[in-house]
Amino acid sequence: MQIKPSVLITGASSGIGATYANRFAKRGHSLVLVARNKSRLETLASSLRQENDINVDILQADLTQPEDIAKIETRLQADRKIEILVNNAGAGLAGNFEQQSLDDITQLIILNSLTVVRLARAISPRLVEKGSGAIINVGSVVGLVPEFGQTVYGATKAFVLYLSQGLSFELLPKGVYVQAVLPAATRTEIWERAGADLNNLPPLMDVGELVDAALVGFDRKEAISIPPLPDISQWDSYQAARLAMIPGFANNHAAKRYLEG
Ligand SMILES: NC(=O)c1ccc[n+]([C@@H]2O[C@H](COP(=O)([O-])OP(=O)(O)OC[C@H]3O[C@@H](n4cnc5c(N)ncnc54)[C@H](OP(=O)(O)O)[C@@H]3O)[C@@H](O)[C@H]2O)c1
């Protein structure tokens, strides 16, 4: 029997990451689970080992800290069994832009954006060399909607979408599949952690439903999966409008509207 590749999942101690761990375990993949909360990771790992015939390692790491990020990078570079990376760890940020502290903003950008790039960069050379493997980046529909007023969080997720599209463009021809998953409001701890008022929450999707849909997209090799979006032709039109602008970007003169006083 062919051994399935191992999957490294960040933010695996709760919510979407823990659900990915559960689903990949059921598919027979061994796992490397990453998060800060070691006891939660241990509890999850031991139940996954019991229920499935797989290995589960845990790595405690705070993915805002350079030395901890480096620890995960080293594992991704060295462990040839890992062929799937789920870049899922992330957080939100309460309050309005002018009230958020620069420290909190900086930490959020490191966790939600910089770490995602660093881990993708750590595993990519190996996957390209092998000509197979996958990177799943968990973004958010908030990255498409500045009007939600979650500006810095949304900007980190717009970064994840762009990064995923760019990586897909570069790596897919080399055999490496990259998927951006864009959840909308999903029932996890992220809301309370970010200090959201639970009474003001929108209707939330069940986390199992979200991850199962994302995995359907994964199996279909979708570049972008948006589980809650009913009409995918809207996304296709959005992409087509973006691509249609490219010839215009090549003009070497300012557009007429700027030349008329
Ligand atoms: N839930 C939603 O409505 C929603 C919607 C769109 C996108 N998303 C995205 O989905 C991803 C997962 O979020 P979730 O909803 O599942 O929330 P969650 O239940 O709060 O899970 C977040 C995970 O990230 C880990 N994490 C947080 N800060 C970390 C740090 N500094 N270092 C290492 N790990 C850290 C947490 O573990 P520890 O605390 O143990 O470190 C936890 O495992 C995030 O990227 C989020 O932006 C969520």
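**Ground rules.** I am working with a predicted model, where local features need pLDDT of at least 70, side-chain atom pairs count only at pLDDT 80 or more, and totals for chains, interfaces and linings use all residues. Residues are numbered from 1 along each chain as its sequence is written, and side-chain values use heavy atoms, with hydrogens and water left out.

**Entry 1: H4 and H5.** I took helices as DSSP runs of H or I with at least four residues, and strands as E runs of at least two, numbered from the N terminus. How do the axes of H4 and H5 cross? Helix H4 (residues 102-130) and helix H5 (residues 151-171) have axes that come within 9 Å and cross at roughly 10 degrees. That makes the two helices roughly parallel (angles under 35 degrees, between N-to-C directions of lines fitted to C-alpha atoms over the stretch in contact, on a scale from 0 to 180 degrees). I sorted the residues of this contact (heavy atoms within 4.5 Å) into 14 nonpolar, four polar and one charged. Here Ala, Val, Leu, Ile, Met, Phe, Trp, Tyr, Cys and Pro count as nonpolar, Asp, Glu, Lys and Arg as charged, and the others as polar.

I then picked Leu 163, which is found in H5. Leu 163 is buried at 15% relative accessible area (buried is under 20%, exposed over 50%, partly exposed in between, with a 1.4 Å probe and protein chains only). Beyond its neighbours within four places in sequence, Leu 163 contacts Val 116, Val 117 and Asn 137.

**Entry 2: the cores.** I looked next for nonpolar cores (buried Ala, Val, Leu, Ile, Met, Phe, Trp, Tyr and Cys residues joined through side-chain atoms within 4.5 Å). The largest has 32 residues, and Ile 9, Tyr 20, Phe 24, Leu 31 and Leu 33 touch the most other members. Another core, of 27 residues, lies apart from it and includes Val 32 and Ala 120.

**Entry 3: salt bridges.** I counted 10 salt bridges (a side-chain nitrogen of Lys or Arg within 4 Å of a carboxyl oxygen of Asp or Glu). Arg 23 pairs with Asp 212, with the closest N and O atoms 2.6 Å apart. Arg 23 lies in helix H1 and Asp 212 in helix H7, so this pair ties together parts 189 residues apart in sequence. Arg 23 is partly exposed at 23%, and so is Asp 212 at 36%. I also noted a network of salt bridges linking Asp 57, Arg 75, Asp 79 and Lys 81.

Note on methods: Angles under 35 degrees count as roughly parallel, over 145 as roughly antiparallel, 65 to 115 as roughly perpendicular and the rest as oblique.
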